[in-house]
Amino acid sequence: MIADVLADTTARMNRAVEAAKEDFATVRTGRANPQLFQKVLVDYYGTPTPIGQLASLANQEARTLIITPYDKSALKAVEQAIRDMPNLGANPTNDGNLIRVTMPELTADRRKEYVKLVKSKGEDAKVHVRGIRRKAKDELDALKSELGEDEIARGEKELDALTRQHVDLIDEALKRKEAELLEV
């Protein structure tokens, strides 16, 4: 029973860490990266649709990204969604067939803003992991009547170790992203 709770908790914490890493990838660095646009939702015939489902994204140069919509009628909607994306600072240009997105150089102040943004996202991810821990602890406490208190205490120690491990994984990803952002 305790093993089932811990296995479920581990899986949920792993998903939380992966979500945090994906969230970090959406914060731009000095290079144009197709991952920056993963969270961009395009209003496609009234439905918010991820840009990856509407167009192919390819790097042309270090700071230029080419977006080729599969449906040419979505060209204006894709361009508008990129222009409206916060924290991107990109300027898309439309030539009728594809969209070129040139990423501006990052200033030192802008890099510091992005570091703050990433730290905030990292803290949100840690709070989410701790929320998962709290729910698992409640599940363990519910098992007290069926199992002994010693077994529950051992389960809680394992749960605390799992939580520390996943918080450390988020911190490592955060440090890597911070170093990447501050690299000139």
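These questions and answers walk through a predicted model.

Residues are numbered from 1 along each chain as its sequence is written. In this predicted model, local features need pLDDT of at least 70, side-chain atom pairs count only at pLDDT 80 or more, totals for chains, interfaces and linings use all residues, and side-chain values use heavy atoms, without hydrogens and water.

Q: What is the strand order of the open sheet of four strands?
A: Strands are DSSP runs (E, at least two residues), numbered from the N terminus, as are helices (H or I, at least four). Two strands pair if DSSP finds at least two bridges between them. The pairing in this sheet is antiparallel, and the order is 3-4-6-5.

Q: Why is one side of strand 3 and of strand 5 left without a neighbour in the sheet?
A: Strands of a sheet pair through backbone hydrogen bonds. Strand 3 (55–59) and strand 5 (91–94) each have a single partner strand, so one side of each has no neighbour, because both stand at the edges.

Q: Which residue is the bridge partner of Leu65 in strand 6?
A: Strand 4 (residues 64–69) and strand 6 (residues 99–102) run antiparallel, joined by four bridges. In strand 6, the partner of Leu65 is Val101.

Q: What angle does the direction of helix 3 make with that of strand 5?
A: Helix 3 (residues 75–84) packs on the sheet and touches strand 4, strand 5 and strand 6. Contact means heavy atoms within 4.5 Å. Axes are lines fitted to C-alpha atoms, for helices over the stretch in contact, and angles run from 0 to 180 degrees between N-to-C directions. The angle with strand 5 is about 165 degrees.

Q: Which residue of the hairpin of strand 1 and strand 2 takes a positive phi?
A: Strand 1 (residues 41–44) and strand 2 (residues 47–50) run antiparallel, with four bridges. Two residues lie between the strands, and the positive phi, near 55 degrees, belongs to Tyr45.

Q: Is Tyr45 buried or exposed?
A: Buried means under 20% relative accessible area, exposed over 50%, and partly exposed in between (1.4 Å probe, protein chains only). Tyr45 has a relative accessible area of 66%, so Tyr45 is exposed.

Q: Which helices do the buried residues of helix 4 pack against?
A: Helix 4 (residues 108–142) has 35 residues. Its buried residues include Tyr114, Val118 and Leu140. The buried residues of helix 4 pack against helix 1 (2–25) and helix 5 (149–182).

Conventions: The expected span of a helix is 1.5 Å times one less than its number of residues.
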